[in-house]
Amino acid sequence: MRKIVSVLLTTALVMTALLGGVVACAASFTAGEYEAAAKGNNGDVNVKVVVSDTMIESIEILDHQETPGICDKALTDVPAAILETQGLGVDTVSGATNSSNAVISAVTLCLEQAGADVEALKAIGAKEVVRAEDQTIETEVLVIGAGGAGCAAGVQANQLGSNVIILEKQASIGGNTIMSGGAFNAVNDRSEQAIEYNDSVEWHFTQTMNGGDNKGDPLLVHTLVRNAYAGLEWLEEMGMEFYDEERGLFTVTGGLWPRAHKPVMPVGTGFFDTYQRYVDTHEGIEIMLNTKAESLITDETGKILGVKATGETGNTITFLASKGVVLASGGFGKNVELRMKYDSTWGVLDETILSTNSAGATGDGIYMATAVGADLVGMEYIQLLPLGDPQSGSLSGNIEFDVERRIFVNKNGERFVNEGGRRDEMTAALFAQPDSYMYIVMDSDCYPTGDELNNFNESVNQLIAEGRAFKGETIADLAAAIGVPADALEATIAEFNEHVATKETDEFGRTLYSTPIDNGPFYAAPRVPTVHHTMGGVKINAEAEVIDRSGNVIDGLYAAGEVTGGIHGTNRLGGNALADILVFGRIAGENVSAR
Ligand code: ADP
C-alpha cells in the first residue's frame, strides 16, 4: 500500500483558521523539515512535517502499512485537522483510532524536534460539537451495519426496488469484512476446478458440518454452500474482480480444501469498492456513517417498526422502516465482557488475548435483538486463529501464501500440529506451546524475490526491515535469526520434507502438501493466538428471519452475517465467512424487500 498521502496547508486555510479564531496562540518553532515514525496498527507510520517559525506548514505521510479502506480517513483527516487548528489535540477518526494516534504521535515527535511546546499544542484542536436537532427519517428498509452482510442486504434490497438506508456507527464502511484476508469459499459443481480438486457443493457441505462438529443447522449450511457461487457471480456482475479460477483456487488456513477464491484488490477492499460504487450510482440507497443504532422500535404486537439511533453529534434519530429492519452489526470479538460471559472453550478470553477484529465488533446486535425477544444460538463457540500479530493481534504481517507450503514451529524449533487442520485445533495446540508463540516458516518458493505482496500489501522484505519477519540463507541462519535451536529446526524441516516426498499423512494428521521447504533463503514470522470470529449469535431461519425464544418469527426483523448463530457450529471453516455474509445478506435483502 505504500501510498503517499500529502496534505498541504493552503494560504486560504491559514487565513480561515486564523480569522475563525481556531488558532489560540502563535506557536514557536525552529523552522525546517522534520521526520519521525510512530507505531500504527500494522507497523510504522512515517511522517514529514514542515514548520515555519510560527506555523505548521505541511504534513506528509511518507510511508505506512495501515489497512486500506479502514484507515484512509485517519491518514487524511487527522493531518488536515492538525493543520487547520494548528493543534495536536485533534479528534481521532472513529474505527481508525490506532492509525489516528500514530499520525498524532509521529507529528508530535516532529514538533518536539522543532522545539515546540507540545503540551501547549495538545490543548488545541478538539472539535467543538454542536448537537444537531433530533429527527425522524422514514425509509422502506433499514439496515444496521455497513459491513459485508449489511452492504449485501442493502444493495440486494435496492436492486429489487426498495428504498434503503444503511447505518454505520464507525467513520467508514467495511467492519471485519474489509479486514479479512478476502478468501471466499464457493464451489461451482460444473467447473473444471471442482473436478480437478475433487470438490463439490456436497463436499463443501460435509466439511462445513463436520468442521463445526455437526452443531450447525443443516438447512442453513445447505443454503450457504448452495448459493455461494451465485453470490460470487453477483459480485462479478457488479464489477468486482476475482483472480481467474484457472490460476488455481487456494486453501486458506482452516479452510480444509482448495476452494477459496481470491479477490484482486487487497484484503476485503474489493467488496466495498463494489458496494460503494453501487451506492454512488443508484437512487434510493444511502449509507449514514457515524450513526449508531441503539435499539429496535416495536409496536404492541412485537412487530419491528424501526430503529432509534444516535447521530454524529449525539442527537437522536428515529428511523421508521415500513418494510423492515436487517440486523447486520457483526460479531462480538471486541467485547471482552461478552467473550468472558459466553466462552466455554478457551477460558482465557480476557483483554490479554488480542483480536483481529474491527473496533465495531462489540456485539451491539446481540443486545438489541435479545431486547425484543430474539433467541441466541451457539454463543459459547468463539473462534481464535493461530495467526495474530504479536503486537496488534491483526492478521497483517502474515507471510503465508497457502496452507500447503508452510509449517508452524514453536520456540524450540519443533512442529506441534497439523497446519492444514481446523482453526480451533491449531489454536489449542498453540496455547500449549512455550509462551503460546510460534513462527510460520517457508522457503523461497513463496518468495522468489521477497517483494511479492501478501494479502495486506506487505512484502516480506518490508516486514524484515521492520523486524516483523526474518530471513536466513540457510535453515541454520534462520534459526539464529529467530532464536530457536538450529539442529532442531533443521531436523524438523528434514522430517517434514520426507512427508512432502511421500505425501503420507504425518504424526499430526497433516495431508495437505505441495513442495518441500528446501529452497533458500528461508523465511519466518512470529504469530500468537487471536480472537477472530464469534460463531454464535441471533437465531435465524433459512429466510434470514429472526426467531424469538418461543420459536416464532419476529415480524419485520431479519439478520445476516456474524451477528447470527447456528451456521458454523463449534468452528467455522476458513473462507466460509465471506460466503455466509454474502448469501444470507442477499436473502435478508430479498425477503425484506418483498414485504
Ligand atoms: P459482517 O461480516 O457480519 O458483515 P462486519 O463486522 O463486517 O460484519 O460488519 C458489521 C458492521 O456493523 C461494522 O462496520 C460495525 O461497525 C457496524 N455496527 C456494529 N454495531 C452497530 C450499531 N449499533 N450501529 C451501526 N453500525 C453498527
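Author: A residue is called buried when its relative accessible area is under 20%, and exposed when that area is over 50%. In this predicted model, cysteine 71 counts as buried because its relative accessibility is 2%. The structure holds zero disulfides. For cysteine 71, the closest cysteine sulfur belongs to cysteine 151 and lies 17 Å away, which is too far for a bond. Cysteine 151 is likewise in no disulfide, the sulfur of cysteine 71 being its nearest at 17 Å. With a relative accessibility of 1%, cysteine 151 counts as buried.

As to the charged side chains, the structure holds 23 salt bridges. One of them joins glutamate 419 to arginine 510, with the closest N and O atoms 2.9 Å apart. This pair links distant parts of the chain, 91 residues apart: glutamate 419 sits in the loop between β15 (407-409) and α13 (423-431), and arginine 510 in the loop between α16 (486-502) and β18 (522-534). Glutamate 419 is buried, at a relative accessible area of 0%, and arginine 510 is buried, also at 0%.

A further salt bridge connects arginine 422 with aspartate 424, at 2.8 Å from N to O. Arginine 422 counts as buried at 12% relative accessibility, and aspartate 424 is buried at 18%.

Glutamate 294 and lysine 292 also form a salt bridge, their closest N and O atoms being 3.5 Å apart. Here glutamate 294 counts as partly exposed at 37% relative accessibility, and lysine 292 counts as partly exposed at 31%. Finally, salt bridges link Asp389, Glu458, Glu466, Arg468 and Arg527 in a network.

Note on methods:
Residues numbered from 1 in each chain as written. Predicted model: local features only at pLDDT ≥ 70, side-chain atom pairs only at ≥ 80, totals over all residues. Heavy atoms only, no water. Disulfide = S-S within 2.5 Å. Buried < 20%, exposed > 50% of the residue type's maximum accessible area, 1.4 Å probe, protein only. Salt bridge = Lys/Arg side-chain N within 4 Å of Asp/Glu carboxyl O. Helix = DSSP H or I, 4+ residues; strand = E, 2+ residues; numbered from the N terminus.
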